Amino acid sequence: MEATLPLPLTGAAPPSARPSLSARGSIELRVADRARPAATGCMDCGVRRSCVYSRVPDDQRARFESAIAGPRKIKAGETLYRAGDACTRLYVVRAGSFKAVTVLADDPRDRQITDFRLAGDFLGMEGLGTGHYVSDAVALEDTMLCMFEAARLEALADDIKEVRRFQQKTLGEQIARNVRMMTLIGKRAAQARVAFFLLNMAERFSAHGYSASEFTLRMSREEIGCYLGMKLETVSRMFSRLQEHGLIQMRAKQVRILDMDGLRQA
């Protein structure tokens with residue numbers, strides 16, 4: 001049975017410094033921001049400290065911002081691009097989240113979620129190698145994006161080494177997540193997979209300035225199962241088992257990690 005305790009989201013910086021995570025898992029604008037039209041500049045963006053913008057030298061920031069088209073709004077369930085489309089644009093998630101979905105065979109119903117992208121993350125970079133996107137990008141919630149023409153961002157990265165390093169770091173993190181997930185799916189039991197998923201989400205939320213121990217999952221349990229290679233019923237059973245062991249508490253999509261070390265050993 002799931003815990004019914006209220007789970008206040010704590011651990012983030014004051015609202016004046018960073019955005020807050022809503023019960024739906026999306027980024028809320030500060031009160032001052034809600035009182036005026038949505039800002040489009042990087043300095044007014046709530047995730048600028050974890051986005052590529054934070055790495056751009058001060059004397060290059062105006063040039064960098066001039067390359068941004070947007071923000072662009074995507075509704076929950078909409079597909080931003082599909083596997084095989086020409087990779088002409090790259091995106092940064094400004095608010096909200098996406099899932100990366102790959103079709104495994106000719107049957108469009110045979111689909112695998114390969115990653116989740118959160119606010120501050122790049123979308124589309126894996127398409128730079130072949131010139132075509134390798135997965136579908138589907139919004140998990142109403143989402144706002146910053147958009148770059150791929151060729152223009154690449155030209156900036158050639159001139160601004162900090163941008164290139166951020167791209168390399170982003171791709172390296174994606175590769176590392178995929179390698180760990182492939183290993184888990186092939187070698188580890190269901191409980192270890194779910195524990196890894198929660199630890200990975202905790203690490204990523206922390207990197208964006210939120211609490212590592214209390215957060216809201218925007219994806220459904222069915223989507224988590226599609227990512228971890230297990231059925232919905234198994235995901236629910238593993239969440240219940242982790243709660244019974246005193247490692248986590250859950251209320252719907254809200255998660256509280258009670259024992260981080262224990263979760264690592266699960």
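**Close-up views of a predicted model**

**View 1. The loop between β12 and β13.** A252 sits in the loop that joins β12 to β13; helices (H or I, at least four residues) and strands (E, at least two) are DSSP runs, numbered from the N terminus. Phi of A252 is near 60°, a positive value in a residue other than glycine. Most residues other than glycine have a negative phi. The model is predicted, with pLDDT of at least 70 needed for local features and 80 or more for side-chain atom pairs, while totals for chains, interfaces and linings use all residues. Residues are numbered from 1 along each chain as its sequence is written, and side-chain values use heavy atoms, with hydrogens and water left out.

**View 2. The protein chain as a whole.** The chain contains 8 helices and 13 strands. Of its 266 residues, 48% count as buried, where buried means under 20% relative accessible area, exposed over 50% and partly exposed in between (1.4 Å probe, protein chains only). Among contacts between residues at least 6 apart in sequence, 72% join residues at least 24 apart; contact means heavy atoms within 4.5 Å.

**View 3. Helices α5 and α6.** The axes of α5 (residues 190–207) and α6 (residues 221–228) come within 11 Å and cross at roughly 110°. That makes α5 roughly perpendicular to α6. Axes are lines fitted to C-alpha atoms, for helices over the stretch in contact, and angles run from 0 to 180 degrees between N-to-C directions. Angles under 35 degrees count as roughly parallel, over 145 as roughly antiparallel, 65 to 115 as roughly perpendicular and the rest as oblique. On the α5 side the contact is made by R193, V194 and F197, and on the α6 side by I224, Y227 and L228. By class, these residues are 5 nonpolar, no polar and 1 charged; Ala, Val, Leu, Ile, Met, Phe, Trp, Tyr, Cys and Pro count as nonpolar, Asp, Glu, Lys and Arg as charged, and the others, Gly among them, as polar.

**View 4. Helices α6 and α7.** Here the axes come within 8 Å and cross at roughly 100°. That makes α6 roughly perpendicular to α7. R221, E222, I224 and G225 of α6 meet L232, V235, S236 and F239 of α7. The contact holds 4 nonpolar, 2 polar and 2 charged residues.

**View 5. Helices α5 and α7.** The two axes come within 9 Å, with a crossing angle of roughly 75°. α5 and α7 are therefore roughly perpendicular to each other. From α5, the residues A190, Q191, V194, A195 and L198 meet T234, M238, F239, R241 and L242 of α7. This contact divides into 7 nonpolar, 2 polar and 1 charged.

View 6. Just after α6, G229 takes a positive phi of about 75°.

**View 7. The largest nonpolar core.** This core has 37 residues, and those with the most contacts inside it are F197, L198, L217, F239, I248 and L263. A nonpolar core is a set of buried Ala, Val, Leu, Ile, Met, Phe, Trp, Tyr and Cys residues joined through side-chain atoms within 4.5 Å. Two or more residues each come from β7 (111–117), α4 (161–187), α5, α6, α7 (232–244), β12 (248–251) and β13 (254–257). The largest share, 10 residues, comes from α5. Domain 1 (38–178) and domain 2 (188–265) both give residues to this core, so it lies between them; the domain bounds come from an automatic or database domain assignment. Leaving aside neighbours within four places in sequence, L198 is in contact with F215, L217, F239, L242, I248, V255, I257 and L263. A second, separate core of 34 residues includes L145, M147, F148 and L153.

**View 8. I68 in strand β3.** I68 belongs to β3 (residues 68–74) and is buried, with a relative accessible area of 18%. Its contacts, apart from neighbours within four places in sequence, are C42, C146, M147 and F148. The C-alpha atoms of I68 and F148 are separated by 5.3 Å, although the two residues are 80 residues apart along the chain.

**View 9. S135 in a loop.** S135 lies between β8 (122–123) and β9 (136–139), in the loop. At 3% relative accessibility, S135 counts as buried. Not counting residues up to four places away in sequence, S135 touches Y81, R82, A83, A100, V101, T102 and E126.
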